[in-house]
Amino acid sequence: MTTQINLQAIDVVAACLVVKEPLLSAGRLFWVEQRPAEKNRNTLMLQLDDLPPQELTPAPFNLRTRNHEFGGGLYAVSGDQVAFINSADGAIWLLELALDIPPKRITAPRLDQIGGFADGLIDQARQRWLGVLETEERDWLVAVPLAGGGAQRLRGEADFCGYAVLSPGGKKLAWLEWNLPWMPWERSELWCSTLGETGELLAPQCVAGGDSNPQSLFQPLWASEAELLVASDCNGNWNVQRIAVLEGNGTTAISEPIFMGPRQAECAMPQWVYGMRTLAIAGKSLVALFCEKGEWQLCQRFLDANNSSPWQTIAIPFNDLAVLTAEADRLVCLASGPKQAEGVLQLELKTGHWIHSALGFERAVVPKSIWFTGGDGEQSQAWFYPPMGDSAKPAPLLVRSHSGPTAMARSGLNLSNAYWNSRGWGVVDVNYGGSTGFGRQYRQRLDGKWGLLDSADCAAAAKALIASGAADPARIAIEGGSAGGFTTLAALIREPVFKAGVCRYAVADVEALGEQTHRFESGYVGRLIGPWRWPGASALTKPVLFFQGLQDRVVPPQQTEMMVNALRREGQSVEVVFLEAEGHGFRSELLKAQILENTERFFNRVLPADQDP
């Protein structure tokens with residue numbers, strides 16, 4: 001007897017409250033809340049002690065940035081001052097919490113919908129906003145007076161910059177820079193400068209990274225006025241480095257970086273968006289988020305002078321963590337678990353007491369970590385979600401290829417997976433070679449092999465589950481978005497195990513993408529793709545369904561149009577849904593529910609349950 005438990009797509013949507021960029025400041029907790037009922041408007045929330053949350057930016061305010069097309073870095077707080085970027089005009093607005101007055105705009109509206117302001121901080125002593133302005137095909141480190149006025153350009157030597165942090169005394173500034181063709185998780189540089197009387201940069205210098213010592217650096221953080229911390233992957237994993245920054249005779253002396261308790265784990269992630277944080281100072285301790293074997297954990301160690309304290313893992317029932325912030329004895333981050341939706345986790349370090357803002361979902365399946373031999377002979381990892389119910393028969397299997405391709409399949413609650421599990425499908429979310437979370441070498445496995453190794457790893461995961469008796473070989477589907485859409489198309493062509501596929505805003509023409517895509521990724525494709533020859537639409541004989549937003553600037557809609565037209569000319573089985581108002585990464589939660597339902601109807605039609613292997 002088989003037990004079927006159908007989770008409705010609308011249930012998936014109802015549980016998906018999106019929270020972004022939590023921040024502790026002066027005992028207050030801030031976060032950005034995305035509201036599906038208000039066309040996914042982002043609003044800034046404040047909670048003080050046990051009082052109910054307060055909305056600080058009521059409609060029509062909508063916090064959003066467009067830098068590098070992926071955005072992030074929506075607001076900054078210092079004392080009673082809050083600065084945020086408003087989507088409608090691209091301007092910086094200032095809110096004075098101590099005054100009962102509406103926010104005021106401190107920069108002129110921006111008519112250009114590309115780039116703009118993002119990733120700022122408030123320099124309290126100089127009453128200015130410091131952050132990134134993307135304009136004229138370049139990132140600039142700029143200063144904007146909080147009283148209002150134009151942006152003063154402080155530095156624009158590199159193609160990209162960001163993640164600026166002031167030292168505790170406000171005398172020094174540290175930030176990251178990187179240049180094309182590199183992505184920030186491949187090569188970046190840590191820069192530091194003393195600030196002059198008017199806040200100008202005095203003789204900026206590279207502290208870590210550069211051509212002589214290429215590495216990826218993540219989230220600089222000041223431990224004191226003379227000590228800088230940063231995550232570096234120069235030892236093979238993103239681990240914390242400690243760097244002394246001392247003043248003397250008008251110059252800045254920089255010590256050799258020292259790793260703080262190096263581990264076979266990663267305390268950073270690819271910087272697709274601004275606002276990412278995995279490190280924080282909590283009193284005399286450093287707290288960090290580490291990813292080990294695909295699962296995230298919260299760790300703590302003392303900031304002792306001799307660098308001898310070990311990392312201690314803090315026991316919490318969550319294994320997917322992001323955006324860490326701390327103050328004194330209090331810690332906050334975004335957290336989810338196999339049966340817990342992502343929400344704001346608040347934890348007192350001394351007592352271990354914690355609270356979490358999201359509801360649990362007990363019906364969700366706890367994924368199993370599986371390891372298998374990948375397409376290059378190396379071990380690859382995936383998360384397998386077996387179907388709900390008590391059937392012993394092999395189940396249809398949906399293979400998920402994540403985007404990026406430098407991203408990772410995470411193990412926190414994913415209600416779209418639960419949707420498929422409730423309908424008798426297994427789901428395997430594959431961390432193919434090239435994924436983050438397993439070290440630099442694992443990430444570099446995909447270089448020159450995009451479309452080959454990733455598709456082979458996805459096929460290897462499916463074959464492993466078929467061999468175990470968990471998956472029905474006649475009903476194996478694959479789906480992915482963006483770079484994962486390219487993996488899906490490549491897998492449908494190259495790997496016979498797949499019978500159908502679904503692509504969302506898929507990369508379909510890598511040669512054209514190098515010319516059409518936005519500045520941030522303009523040097524990325526060439527390194528991922530080796531010698532390339534498009535096999536032609538006649539090679540794609542499996543049924544495929546496309547979803548494409550017509551406002552997409554990352555993967556232009558011409559990519560999908562070209563592929564669909566080519567497949568139709570060949571008489572292949574293809575369906576497409578164009579979405580007028582959507583860009584890259586669909587934002588409408590209601591639309592996501594409709595896509596789930598459309599995908600299920602498509603699979604039921606092209607992969608009928610009674611077909612033979």
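Is Glu 134 buried or exposed, and what is its relative accessible area?

A: Glu 134 is buried, with a relative accessible area of 8%. The model is predicted, and every figure below is computed from it.

Start with the charge partner. Side chains of opposite charge can pair when their charged atoms come close. Glu 134 forms a salt bridge with Arg 519, and the closest N and O atoms are 3.0 Å apart. Glu 134 sits in strand S10 (residues 128–135), while Arg 519 lies in the loop between helix H6 (510–516) and helix H7 (525–528), so this pair ties together parts that are 385 residues apart in sequence. Arg 519 has 12% relative accessibility, so Arg 519 counts as buried too.

Next comes a neighbour. Glu 134 is among the residues in contact with Asn 67, once neighbours within four places in sequence are set aside. Asn 67 belongs to the loop between strand S4 (54–55) and strand S5 (75–78). Its relative accessible area is 1%, so Asn 67 is buried. A polar atom of the Asn 67 side chain lies 2.9 Å from the backbone oxygen of Gly 116. Val 132 is 65 residues from Asn 67 in sequence, yet the two C-alpha atoms are 8.6 Å apart in space.

Arg 423 and Glu 600 form one of them, at 2.9 Å from N to O. This pair also links distant parts of the chain, 177 residues apart. Arg 423 is in the loop between helix H2 (415–422) and strand S33 (426–431), and Glu 600 is in helix H9 (residues 589–606). Arg 423 has 13% relative accessibility and therefore counts as buried. Glu 600 has 19%, and the cut-off for buried is under 20%, so Glu 600 counts as buried as well.

Now take Arg 35 and Glu 38. Their side chains meet in a salt bridge at 3.3 Å, N to O. Arg 35 counts as buried at 17% relative accessibility, whereas Glu 38 is partly exposed at 33%. Both belong to a network of salt bridges that also links Glu 33, Arg 41 and Glu 55.

One sheet is worth a look as well. Strands of a sheet pair through backbone hydrogen bonds, either parallel or antiparallel. Here an open sheet of four strands runs in the order S22-S23-S24-S25, with antiparallel pairing. Strand S22 (279–282) and strand S25 (312–314) stand at the edges with a single partner strand each, so one side of each has no neighbour in the sheet. From one strand to the next, the twist averages 35°. Strand S23 (residues 285–292) and strand S24 (residues 295–302) are joined by eight bridges. Ala 288 stands opposite Cys 299 in S24.

Finally, the setting. The protein chain has nine helices and 37 strands. Of its 613 residues, 61% count as buried. Among contacts between residues at least 6 apart in sequence, 57% join residues at least 24 apart. The C-alpha trace spans about 80 × 50 × 50 Å along its principal axes.

Technical notes:
Residues numbered from 1 in each chain as written. Predicted model: local features only at pLDDT ≥ 70, side-chain atom pairs only at ≥ 80, totals over all residues. Heavy atoms only, no water. Salt bridge = Lys/Arg side-chain N within 4 Å of Asp/Glu carboxyl O. Buried < 20%, exposed > 50% of the residue type's maximum accessible area, 1.4 Å probe, protein only. Helix = DSSP H or I, 4+ residues; strand = E, 2+ residues; numbered from the N terminus. Contact = heavy atoms within 4.5 Å. Polar contact = N/O pair within 3.5 Å; in protein donor to acceptor, adjacent residues only side chain to side chain. Pairing = 2+ DSSP bridges. Axes fitted to C-alpha atoms, helices over the stretch in contact; angles between N-to-C directions.
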